[in-house]
Amino acid sequence: MKNSIFLLFVSIAILYSCSSDDSDPQPNPEPEENTVQLATNATFGSILTDDKGMSLYFFSRDSKGTSVCVDGCKAAWPIFHADNLTLDQGLEASDFGEITRSDGDKQTTYKGWPLYYFASDNAAGDTNGDKVGNNWYIAKPDYSLMYVEAQLVGKDADGNEINFKSDYTPGDELTFYITNGTTGRTLYTFINDKKNVNNFTKDDFSNDAVWPIFHIDIDKLPSILDASDFGTIDVFGRSQLTYKGWPLYYFGQDVARGDNFGINFPAPGVWPIANTDTPAAPEN
């Protein structure tokens, strides 16, 4: 009899435990936000943000893919780094990377550009850092071109590097110029060209490897560049992008990101870089 009563209590306890679990299920954990997100901004369209919606930025002086924002700069522009990247749909993992900075910190990069916050952005969606100093730009996933600020470096006849200023005389100076948006490759104009006229490229393109013509369909631009300054010309059946009427070229010997060796080839100023101070090309 005692055994029967004991078994009855055990059975009741088991039933109560099961019914209690069924009626009070554990809540599912909240899904984690992706560490890099695509947000839609009324001014800039698609931009990169962190998992809290805080805007990310590019620094135009990081043209070689390394961060030169240190010390006081770093306080105003905190670095962005994510150990385990998770990405919103539309972003490719192959576009992201990681660098170790000169101060030893790690920083996440996008298409070779180190990513930063702006200390004066106070809330998700703020974009107060864009165009600060003309060298900070909101990080977008799809810039057609970029605007950089870097030392111009040419080479002498023996291959030794020479620093040039913006007037193409030897010296140290940071100069603004336009690059393509994917690999940071420098774009040039040719002093003998005229408005919308390419006077360099031969009809068989036999000299195109020296100064390849450049073309891209202009879509997203850094805020300092005006889309109306760009156009397209036909060069023996191929399209070439123009800026203020000047046909745009690469230099065949620029191999690494940030190279601008064309600025003194064959002589300083024959192939100038292009920036917002570039005058309109002369009429033909």
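Biologist: Is Phe 176 buried, partly exposed or exposed?

Modeller: This is a predicted model, and in it Phe 176 is partly exposed, with a relative accessible area of 21%. The cut-off for buried is under 20%.

Biologist: Which ring does Phe 176 stack with?

Modeller: Phe 176 forms a stacked aromatic pair with Tyr 147, at 5.4 Å centre to centre and 10° between the planes. Tyr 147 belongs to strand S8 and Phe 176 to strand S10, so the pair links distant parts of the chain, 29 residues apart. Tyr 147 is buried, with a relative accessible area of 1%.

Biologist: How many aromatic pairs are there?

Modeller: The count is 26 aromatic pairs. One of them is the stacked pair of Phe 59 and Trp 136, with 4.1 Å between centres and 10° between planes. Phe 59 lies in strand S3 and Trp 136 in strand S7, so this pair ties together parts that are 77 residues apart in sequence. Both Phe 59 and Trp 136 are buried.

Biologist: Which charged end sits over the ring of Phe 261?

Modeller: That of Lys 155, 4.3 Å from the ring centre. Likewise, Arg 238 lies over the face of Phe 205, at 4.4 Å from the ring centre.

Biologist: Turning to pockets, how much space lies in the largest pocket?

Modeller: About 190 Å³. Its lining includes Tyr 168, Trp 246 and Asp 277, and the lining residues divide into six nonpolar, five polar and one charged.

Biologist: And what is the strand order in the open sheet of three strands?

Modeller: The order is S4-S5-S6, with antiparallel pairing. Strands S4 and S6 stand at the edges with a single partner strand each, so one side of each has no neighbour in the sheet.

Key
Residues numbered from 1 in each chain as written. Predicted model: local features only at pLDDT ≥ 70, side-chain atom pairs only at ≥ 80, totals over all residues. Heavy atoms only, no water. 1 Å grid on protein atoms, 1.4 Å probe; cavity = no way out; pocket = protein on both sides within 12 Å on 5 of 7 lines; lining within 4 Å. Points joined across faces, edges and corners; volume = space filled by probe spheres on them. Nonpolar A, V, L, I, M, F, W, Y, C, P; charged D, E, K, R; others polar. Pairing = 2+ DSSP bridges. Helix = DSSP H or I, 4+ residues; strand = E, 2+ residues; numbered from the N terminus. Phe/Tyr/Trp six-rings, centres within 6.5 Å; stacked < 30°, edge-to-face > 60°. Buried < 20%, exposed > 50% of the residue type's maximum accessible area, 1.4 Å probe, protein only. Lys NZ or Arg CZ within 6 Å of the ring centre and 35° of its normal.
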